Amino acid sequence: MRIMGLDYGAATVGVAVSDELLLTAQGIETIRREQELQLRKTYRRIEELVKEYEVDRIVVGLPKHLNNSIGERAKKAEEFAEALERRTGLPVEMQDERLTTVEAHRILNAGGAGLEKKKEVVDKLAAVLILQSYLDRMNFENGKEV
């Protein structure tokens with residue numbers, strides 16, 4: 001069993017998967033598209049990765065506002081998650097992702113990554129942070145030490 005984490009954005013989707021013990025998240029790739037609403041290839045690539053990594057649950061980041069309200073980006077992420085659930089037949093859950101992209105940039109800056117490298121990996125790293133947060137919460141709620 002593995003869980004996939006997704007950071008859904010206007011032009012990209014960062015992808016991460018858990019290890020089989022559901023303890024750690026690893027970045028896989030960033031799926032890019034030309035236009036925001038052209039999602040057919042994005043869904044197809046996610047379906048390929050679901051099969052390749054034997055994923056049985058998906059977690060999509062929910063970009064809430066800092067005051068906990070739901071804005072336009074969060075609504076689009078929810079719509080994406082609903083469509084993904086229909087297409088894959090897998091349960092899709094939402095995970096609060098406030099500040100994950102900010103944290104991803106902070107990590108990359110601390111590591112000395114240049115602008116091009118940041119553009120290349122920031123969404124994948126944000127997906128790792130979303131999934132790791134979900135795994136930590138799930139393991140805490142199940143009484144597992146992490």
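At 25% relative accessibility, Arg-45 counts as partly exposed, a label for anything between buried (under 20% relative accessible area) and exposed (over 50%), worked out with a 1.4 Å probe and protein chains only. This is a predicted model, where local features need pLDDT of at least 70 and side-chain atom pairs count only at pLDDT 80 or more, while totals for chains, interfaces and linings use all residues. Residues are numbered from 1 along each chain as its sequence is written, and side-chain values use heavy atoms, with hydrogens and water left out.

Arg-45 forms a salt bridge with Glu-29, and their closest N and O atoms are 2.7 Å apart. A salt bridge here is a side-chain nitrogen of Lys or Arg within 4 Å of a carboxyl oxygen of Asp or Glu. Arg-45 sits in helix α1 and Glu-29 in strand β3, so this pair ties together parts that are 16 residues apart in sequence. Helices (H or I, at least four residues) and strands (E, at least two) are DSSP runs, numbered from the N terminus.

The structure holds six salt bridges. Another one joins Arg-87 to Glu-47, with 3.2 Å between the closest N and O atoms. Arg-87 lies in helix α2 and Glu-47 in helix α1, so here the linked parts are 40 residues apart in sequence. Arg-87 is partly exposed, at a relative accessible area of 40%. Then there's Glu-141 with Arg-137, whose closest N and O atoms are 3.6 Å apart. These two are four residues apart in helix α4 (residues 115-141), so about one helical turn separates them. Glu-141 is exposed, with a relative accessible area of 55%, while Arg-137 counts as partly exposed at 35%. Back at Arg-45, salt bridges that share partners join Glu-29, Arg-45 and Glu-48 into one network.

## The overall layout

Now a step back. The protein has four helices and five strands, and along the sequence they follow the pattern β-β-β-α-β-α-β-α-α. Of its 146 residues, 43% are buried. The accessible surface comes to about 8200 Å² and 50% of that belongs to carbon and sulfur atoms, using the Shrake-Rupley method with a 1.4 Å probe, where for residues only the protein chains shown count as cover.

Strands β2 (residues 12-18) and β3 (residues 25-32) run antiparallel and are joined by seven bridges; two strands pair if DSSP finds at least two bridges between them. Ala-16 stands opposite Gly-27 in β3. The two strands form a hairpin with six residues between them.

Leu-22 is in the loop between β2 and β3, and Leu-22 has a positive phi of about 60 degrees although it is not a glycine. Most residues other than glycine have a negative phi. At 10% relative accessibility, Leu-22 counts as buried. Glu-54, in the loop between α1 and β4, also has a positive phi, of about 55 degrees. Glu-54 is exposed, with a relative accessible area of 60%.

A search of the whole structure turns up two aromatic pairs. Rings of Phe, Tyr and Trp (its six-membered ring) pair if their centres lie within 6.5 Å; planes under 30 degrees apart count as stacked, over 60 as edge-to-face and the rest as tilted. The ring centres of Tyr-8 and Phe-80 are 4.3 Å apart and the planes meet at 20 degrees, so this pair is stacked. Tyr-8 belongs to strand β1 (residues 2-8) and Phe-80 to helix α2 (residues 72-88), so the pair ties together parts that are 72 residues apart in sequence.

Tyr-43 and Phe-80 are stacked too, at 5.4 Å centre to centre with 15 degrees between the planes. Both Tyr-43 and Phe-80 are buried. Together, ring pairs link Tyr-8, Tyr-43 and Phe-80 into a cluster.

## The nonpolar cores

A nonpolar core is a set of buried Ala, Val, Leu, Ile, Met, Phe, Trp, Tyr and Cys residues joined through side-chain atoms within 4.5 Å. The largest one has 22 residues, and those with the most contacts inside it are Met-4, Leu-6, Ile-46, Ile-58, Val-60 and Phe-80. Elements giving it two or more residues are β1, β2, α1, β4 (55-62) and α2, and α2 supplies the largest share, five residues. A second, separate core of 13 residues includes Ala-25, Ala-127, Val-128 and Met-138.
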